[in-house]
Amino acid sequence: YHPKDREALRQLQQIPGFSAAMKAFMKLFQENLIQGLNMSGKVRLGPGQLPEIYRLLPPICETLGIREPELYLELNPVANAYTFGDTVISITLTSGLVELMDEEQLKCILAHECGHIACQHVLYHTMANMVIAFGSDFLGSLLTSGLELAFFHWQRCSELSCDRAAAVCMDGSETVAKTMALLASGSRLLADRINMDLYMRQAEAYRDFMDDSNFNKMLQYLALMNQTHPFLSVRALQVQEWCKTEEFTRIMNYKYERDISRIPQKGLCPN
């Protein structure tokens, strides 16, 4: 978990009215509706259906120690991926995302979405997305502006945890940062030509800009307050810096030791 994720969730849970809103959501929430919409309007991927995409998912689930979710492809030119559900969890990739990204970048996105499952974000994310999409029509008088803004804030913070999950699955921050730059540019043709050193320096310059004055911080918060994701360069820089920490090193050492223990011993010492 990213520490901001934990803190934002704690603050969300302490807001007056959150418990009542959660109870109302669980009463109104019909998971069968989501399943029906998935099955009727999307393409479910599997070993026999677009296997070149599906095969990226099982190794990620094994690495993160989660049960494999359902995986769907949705017709939507906007590059996006999202995870919904409670007892039956599904990940949806849009056609725009699949067309934009190469295999490694798709794997990174799937690892990020699986991070939401590993971090147990999915139920709250589903609630947040419905609250944001339908507002007072969904929860009526229980929804306050403070609660809505708190959902936005927590969603942004939760994305930072999932970027870390993606970095673990991708063995570092390089692909994660490149994926952020690709999403920022929106061009597969230009993706390989993006100078990542300059992009990361741009992210550092933005951080310095934010630290320069409280006025700058206020303006950027106003620009971000109704967004579900942090700015892309911020995410790239944060995950790059986390991959230099002892915490990341410990996690990767455990991952490598676990992977080696699964290899038959005769394979390690060939005759």
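In the predicted model, asparagine 38 is located in helix 3, which spans residues 31-41. Its relative accessibility is 4%, and asparagine 38 therefore counts as buried, the limit being under 20%. Beyond residues up to four places away in sequence, the contacts of asparagine 38 are with Tyr72, Ser90 and Thr92.

Burial in helix 5 (residues 57-64) involves Leu57, Ile60 and Cys61. Viewed down the axis of helix 5, these buried residues fall within an arc of 100°, so they line one face of the helix. Glycine 65 follows helix 5 and has a positive phi, near 70°.

Glutamine 120 has a phi of about 60° and is placed in the loop between helix 7 (103-118) and helix 8. With a relative accessible area of 70%, glutamine 120 is exposed, because this value is over the 50% limit. Aspartate 171, likewise not a glycine, has a positive phi of about 60°; aspartate 171 belongs to the loop between helix 10 (145-169) and helix 11. The relative accessibility of aspartate 171 is 45%, and this residue counts as partly exposed.

Histidine 125 lies in helix 8 (residues 122-134) and, at 6% relative accessibility, counts as buried. Apart from residues up to four places away in sequence, histidine 125 touches His116, Trp154, Gln155, Ser158 and Glu159. With one of these, serine 158, the side chain of histidine 125 forms a polar contact of 2.8 Å.

Histidine 2 is situated in the segment before helix 1 (3-14). This residue is buried, its relative accessible area being 7%. When neighbours within four places in sequence are set aside, histidine 2 is in contact with Leu160, Ser161, Arg164 and Gln238. The side chains of histidine 2 and glutamine 238 are joined by a polar contact of 2.8 Å. Between histidine 2 and phenylalanine 151, which are 149 residues apart along the chain, the C-alpha separation is 16 Å.

Helix packing was examined for helix 11. Two packed helices are described by the angle between their axes and the distance between the axes. The axes of helix 11 (residues 174-185) and helix 13 (residues 196-212) come within 11 Å and cross at roughly 80°. Helix 11 is therefore roughly perpendicular to helix 13. On the helix 11 side, the contact is formed by Ala177, Lys178, Met180, Ala181 and Ala184, which meet Met196, Tyr199 and Met200 of helix 13. Classified by residue type, this contact of helix 11 with helix 13 contains seven nonpolar residues, no polar residues and one charged residue.

For helix 11 and helix 15 (residues 232-242), the axes come within 9 Å and the crossing angle is roughly 175°. This makes helix 11 roughly antiparallel to helix 15. Val176, Ala177, Met180, Leu183 and Ala184 of helix 11 meet Leu232, Arg235, Ala236 and Val239 of helix 15. By class, the contact of helix 11 with helix 15 comprises eight nonpolar residues, no polar residues and one charged residue.

Methods: Residues are numbered from 1 along each chain as its sequence is written. Side-chain values use heavy atoms; hydrogens and water are left out. Axes are lines fitted to C-alpha atoms, for helices over the stretch in contact, and angles run from 0 to 180 degrees between N-to-C directions. Helices (H or I, at least four residues) and strands (E, at least two) are DSSP runs, numbered from the N terminus. Angles under 35 degrees count as roughly parallel, over 145 as roughly antiparallel, 65 to 115 as roughly perpendicular and the rest as oblique. Contact means heavy atoms within 4.5 Å. Ala, Val, Leu, Ile, Met, Phe, Trp, Tyr, Cys and Pro count as nonpolar, Asp, Glu, Lys and Arg as charged, and the others, Gly among them, as polar. Buried means under 20% relative accessible area, exposed over 50%, partly exposed in between (1.4 Å probe, protein chains only). A polar contact is a pair of N or O atoms within 3.5 Å; within protein, one must be able to donate a hydrogen and the other to accept it, and residues adjacent in sequence count only if both atoms are side-chain atoms. The arc is that of the directions from the helix axis to the C-beta atoms.
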